[in-house]
Amino acid sequence: MAEEPSAKRHHAETSDKRSNLVDINVPGEKREYTTTLKGMELHGNETLEIVWTSVPEKANEVISRLWMKLGGRFRRIVGVGVHYTNEDEPPQMAAVPQLCVEELCLVYHIAAATKWPKRLTEMLQHEKLFTFAGFSIESDKEKLKLSGMEINPNKFIDIQRKWRVRYTGKEYDSLTDVAASVIHPFYKGMKNKINTQEDYKLWGTSELPDNLIEYAGVDAYAAYKSWFMIDYITDDWEYAKGREAENFYDRPYCPFTG
């Protein structure tokens, strides 16, 4: 009889966990696994931790860590990337959403999962706390919606439509163009380790090899860091224009006012 309260408590805890999960209706071979890559080297001293998982409890844990990293920040930017199920098997849906804040990236294989945490929906739909930054994000939003997820339409930035890299001659720059120009030239080669013609077929069906996990993490990090840098640059421009409009630099120096 002494074990009964523990058993009841365990049953209640399991029920609570299940109530925090939402069913996923994305086609794919369902299986649970987690791979964590720590200390992945980027440029300079920058490193990345990538958590690749199909386990909703693990995804929830990483989402909580992302949420905590943004607490108290003025710029609450989340880098977003999405890879899709095979286009030869319509309708094409989101298979792998990626979220990144600072050096932590969640790569969530929802095509292999049966559920996702409600906290993910709460994060994507939050009215105030987060700004989601990605590339060609309209397409990502469409595929996410088909998979049952939606990003708050008032809280996303399509970097491709907000920033131009000078002298590329392109109508729309790629993420590699932008990241290489505003972060570091390292990002020009971020796709060098993948086969862009064949590897896209793996996102919806396979447990990914390390090179694709790395690419997925770097993809989301590059979106995060690019908009983080651009946001600072544009803020500085606005600040400088405001000072110029106020004739700030023409004022005589006064030691008592600075």
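Tutor: Buried means under 20% relative accessible area, exposed over 50%, and partly exposed in between, with a 1.4 Å probe and protein chains only. The model is predicted: local features need pLDDT of at least 70, side-chain atom pairs count only at pLDDT 80 or more, and totals for chains, interfaces and linings use all residues. Residues are numbered from 1 along each chain as its sequence is written, and side-chain values use heavy atoms, with hydrogens and water left out.

Student: Why is helix 6 largely enclosed by the rest of the structure?

Tutor: Helices (H or I, at least four residues) and strands (E, at least two) are DSSP runs, numbered from the N terminus. Helix 6 covers residues 175-182. The helix is largely enclosed because seven of its eight residues are buried. Those residues are Leu175, Thr176, Asp177, Val178, Ala179, Ala180 and Val182.

Student: Which element supplies the largest share of the lining of the largest pocket?

Tutor: A pocket is an open set of points on a 1 Å grid over the protein atoms alone, where a 1.4 Å probe fits, with protein on both sides within 12 Å along at least five of seven lines; lining residues have an atom within 4 Å of a point. Strand 4 (77-84), helix 4 (137-146), helix 6 and helix 7 (210-245) each supply at least two lining residues. The largest share, five residues, comes from strand 4.

Student: Which element supplies the largest share of the lining of the second largest pocket?

Tutor: Strand 2 (34-41) and helix 7 each supply at least two residues of this lining. Among the lining residues are Met40, Glu41, Tyr215 and Val218. The largest share, four residues, comes from helix 7.
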